[in-house]
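Let's take a walk through the inside of this protein.

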Amino acid sequence: MKNPAPPPANLAQPGLAGLLPRTPGLPRVLKRRTFLLGTLALAACGTSEPSGTIRIAGGEPGGFYNDFAALLSRLSPSPLTITPLQTGGSADNLKHLREGTADLGLTLSDSAHMEQGLVALGRVYENYLQLVVLENSPYRTPADLVGKPVSLGATGSGAALQGERLALGVREQHYPLRNAIDALKAGEIAALLWSGGVPTPELNKASGIRLLPLDTFLPRLRQDYGKVYERVDVRMGVYGSPTDIPTIGTPNLLVCRPDLSDEYASAVVRLLVEKAAELVPEQALGTQYLDVRSLIDTGKVPLHPGAAAEYRRLHG
């Protein structure tokens with residue numbers, strides 16, 4: 001049910017870069033409950049949805065990607081069916097797309113920039129890089145972990161890529177989140193690295209933890225890899241923290257191959273726009289990008305032509 005698509009469009013294409021210009025004075029970062037009400041009014045009524053099944057590569061249980069994929073599945077309009085797949089995360093999702101075992105995938109933008117022939121349906125949320133230790137541990141900075149066993153995310157996850165780029169000098173382990181939490185509690189590892197929403201439910205249930213700041217790595221990451229990395233703060237009170245914890249944020253993209261049919265791409269874009277207020281996983285308490293002005297901001301990854309056309313149509 002997939003048709004060949006024309007060459008990928010990008011934000012430099014006439015009419016798309018200025019699709020929804022930013023309002024002077026409006027913050028770029030939007031909090032969970034500050035949706036633009038006008039976004040929902042953009043959706044045109046009476047549009048027929050294509051039939052068939054779209055497979056979306058999500059993430060591991062307890063993670064943001066898994067939750068978001070489940071919401072997309074639950075809200076997909078009949079007769080269209082969106083089927084979520086549990087995966088290892090960003091890099092694993094890109095592998096599913098390459099091998100044709102998924103039609104859509106959620107990925108961090110730094111992982112997406114390493115992939116050839118990829119197009120986007122939209123920029124969704126921001127992931128927070130979280131370096132987690134036990135509350136009563138002696139570790140106060142990442143430098144304290146040098147030479148210690150640390151889980152740098154599951155194999156195939158965005159955290160694994162970012163952990164490699166951080167170059168923490170630790171003894172690397174690679175556990176899925178739930179296993180990493182168990183290993184941390186058992187004293188088998190000194191810390192775990194996780195990329196996800198805040199608060200991540202699995203971490204929120206693991207009382208007696210705290211985060212180490214990661215902002216000191218940001219200048220080098222931006223120098224080496226560009227502005228895909230941003231300074232974000234995990235707010236006071238998250239995981240019981242008495243202060244804000246500065247860390248690194250990375251946008252999440254919903255991506256696909258260019259041969260996804262225009263009708264499927266358009267249907268998913270309509271879902272992102274019309275159901276924006278309902279596509280908010282519990283762990284999306286931090287930065288939130290589900291409004292049209294940010295959905296088209298996919299950076300170096302061009303928009304799928306069908307997605308670009310649908311954004312223009314919704315804009316009127």
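On a 1 Å grid over the protein atoms alone, a cavity is a set of points where a 1.4 Å probe fits but cannot get out, and its lining residues have an atom within 4 Å of a point. Points are joined across faces, edges and corners, and the volume is the space filled by probe spheres set on them. This is a predicted model, where local features need pLDDT of at least 70, side-chain atom pairs count only at pLDDT 80 or more, and totals for chains, interfaces and linings use all residues. Residues are numbered from 1 along each chain as its sequence is written, and side-chain values use heavy atoms, with hydrogens and water left out.

So what's inside? Of its 19 lining residues, Tyr65, Gly89, Ser157, Trp194 and Ser195 sit closest to the centre.

The second largest cavity has about 40 Å³ of space. Its lining includes Glu60, Tyr175 and Trp194, and strand 7 gives the largest share, 3 residues. (Strands are DSSP runs of E, at least two residues; helices are runs of H or I, at least four; both are numbered from the N terminus.)

Now for the packed parts. A nonpolar core is a set of buried Ala, Val, Leu, Ile, Met, Phe, Trp, Tyr and Cys residues joined through side-chain atoms within 4.5 Å; buried means under 20% relative accessible area, with a 1.4 Å probe and protein chains only. The largest core here has 40 residues, and Phe68 and Leu272 have the most contacts (heavy atoms within 4.5 Å) inside it. Helix 9 gives the most to this core, with 8 residues.

Technical notes. Buried < 20%, exposed > 50% of the residue type's maximum accessible area, 1.4 Å probe, protein only. 1 Å grid on protein atoms, 1.4 Å probe; cavity = no way out; pocket = protein on both sides within 12 Å on 5 of 7 lines; lining within 4 Å.
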